[in-house]
Amino acid sequence: MPNRLHILTFGPRPLYLSRLARSGHRFDVVPAMNGAVHPWMEAGDLPANVAVVEPSAARRAAEQGRYDLAVCHSLDDLQRVSALGLPSATVFHAPRDLEAAFGLTEAALAEAAPLLESTRVVFPSAFVRDSWPMPGVVIEPGVDVEAACDREDREPRLMVVASLVRELPWLTGRRTLDEVTTGFPSSLYGFNPSIAGCRPSFRASEMRDARRRHRAFLAVAPAPWHDPLDVQLLEAMAAGMPTIATRHYAPVVADGVTGFADDDPGALRRAVLELFDDPGLAGRMGDAGREAVARRFPMARFLEGWNGVWSALN
């Protein structure tokens with residue numbers, strides 16, 4: 001591990017920033033380009049080594065040489081950091097198709113080429129890396145395997161994490177989601193302002209409690225918009241939840257072992273019934289999923305990958 005570093009980064013990336021903070025380095029987070037504070041940063045879950053700073057304060061600290069490097073999460077972040085003269089790593093969290101759907105053009109990517117040559121590019125999976133034209137290192141997510149909990153406390157209810165389900169149905173797989181969940185008890189977590197009773201949950205403790213209450217986790221967001229190494233799915237598996245998913249998530253969900261993977265909504269509904277009717281099966285699949293996540297996505301490997309990046313930059 002490199003000596004304790006002072007790192008400038010940007011939000012809101014609550015899950016990712018929480019994992020980076022496990023490195024023990026000191027992080028200053030500029031919350032957004034407009035300086036607005038993300039609710040996660042006010043929810044009481046900020047690690048002790050993470051501080052929210054105003055853009056002007058970060059600029060002064062950089063000019064005074066107080067930062068060792070920066071971690072960027074977008075081309076906009078990289079543009080801002082380049083003006084400060086800091087060595088940097090830039091994470092491309094999403095597949096290229098998703099970025100293009102939200103406005104990233106070929107011209108903008110070509111214009112950013114000189115900046116990309118000056119930064120260390122990081123991808124969260126081979127799936128995301130293969131969607132982009134530039135080289136980079138893959139650092140897969142790190143997940144803490146939660147302690148086993150009482151199976152009897154898990155009611156027959158599906159847990160779904162998705163945002164803008166009604167506003168962006170093509171992005172969230174709303175048709176499949178509706179077909180699978182209709183008639184079954186389910187809970188939706190995420191930013192969905194047009195759905196009554198659904199609000200984002202920003203506290204890590206709230207999400208942990210939700211994973212302990214629900215029988216199974218459902219993931220149906222379609223390719224090519226989403227990384228199959230979805231962190232919410234991995235955290236559900238780490239908590240011992242069996243998963244029901246489309247085949248896009250087959251790199252994580254072993255059909256018949258850690259859950260069920262199928263592109264047929266009817267088959268997914270039958271999987272829901274099977275897990276709701278048989279808590280023992282749900283428990284065995286949840287245990288297998290927890291073990292699979294512990295083997296493939298240890299937090300230590302994630303931190304080792306990032307410490308290697310930071311050592312190269314510093």
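In this predicted model, aspartate 28 touches His6, Ile7, Leu8, Thr9, Ala51, Val53 and Tyr67, when residues up to four places away in sequence are left out of the count. Aspartate 28 belongs to strand β2, which spans residues 26-30. One of the listed neighbours, tyrosine 67, is also a polar partner: its side chain and that of aspartate 28 make a polar contact at 2.8 Å. Although aspartate 28 is buried, it has no salt bridge. The nearest side chain of opposite charge is that of arginine 26, 4.3 Å away.

A search of the whole structure finds nine aromatic pairs. The ring centres of phenylalanine 102 and tryptophan 170 lie 6.1 Å apart with the planes at 40°, so this pair is classed as tilted. The two residues come from distant parts of the chain, 68 residues apart. Phenylalanine 102 is located in the loop between α4 (96-101) and α5 (106-111), whereas tryptophan 170 is part of helix α8 (residues 169-172). Tryptophan 170 has a relative accessible area of 36% and is therefore partly exposed.

A further aromatic pair is formed by phenylalanine 184 and phenylalanine 276, with an edge-to-face arrangement, 5.8 Å from centre to centre and 85° between the planes. This pair likewise links distant parts of the chain, its members being 92 residues apart. Phenylalanine 184 occupies the loop between α9 (174-181) and β9 (186-189), and phenylalanine 276 lies in helix α12 (residues 265-277). With a relative accessibility of 13%, phenylalanine 184 counts as buried. Phenylalanine 276, at 14% relative accessibility, also counts as buried, because the limit for this class is under 20%.

Ring pairs also join several residues into a cluster, which consists of Tyr16, Phe27, Phe302, Trp306 and Trp310.

The structure holds zero disulfides. Cysteine 72 has a relative accessibility of 0% and so counts as buried. Cysteine 198 is likewise buried, with a relative accessible area of 12%.

Conventions
Residues numbered from 1 in each chain as written. Predicted model: local features only at pLDDT ≥ 70, side-chain atom pairs only at ≥ 80, totals over all residues. Heavy atoms only, no water. Phe/Tyr/Trp six-rings, centres within 6.5 Å; stacked < 30°, edge-to-face > 60°. Helix = DSSP H or I, 4+ residues; strand = E, 2+ residues; numbered from the N terminus. Buried < 20%, exposed > 50% of the residue type's maximum accessible area, 1.4 Å probe, protein only. Lys, Arg positive; Asp, Glu negative; His and termini not counted. Salt bridge = Lys/Arg side-chain N within 4 Å of Asp/Glu carboxyl O. Polar contact = N/O pair within 3.5 Å; in protein donor to acceptor, adjacent residues only side chain to side chain. Contact = heavy atoms within 4.5 Å. Disulfide = S-S within 2.5 Å.
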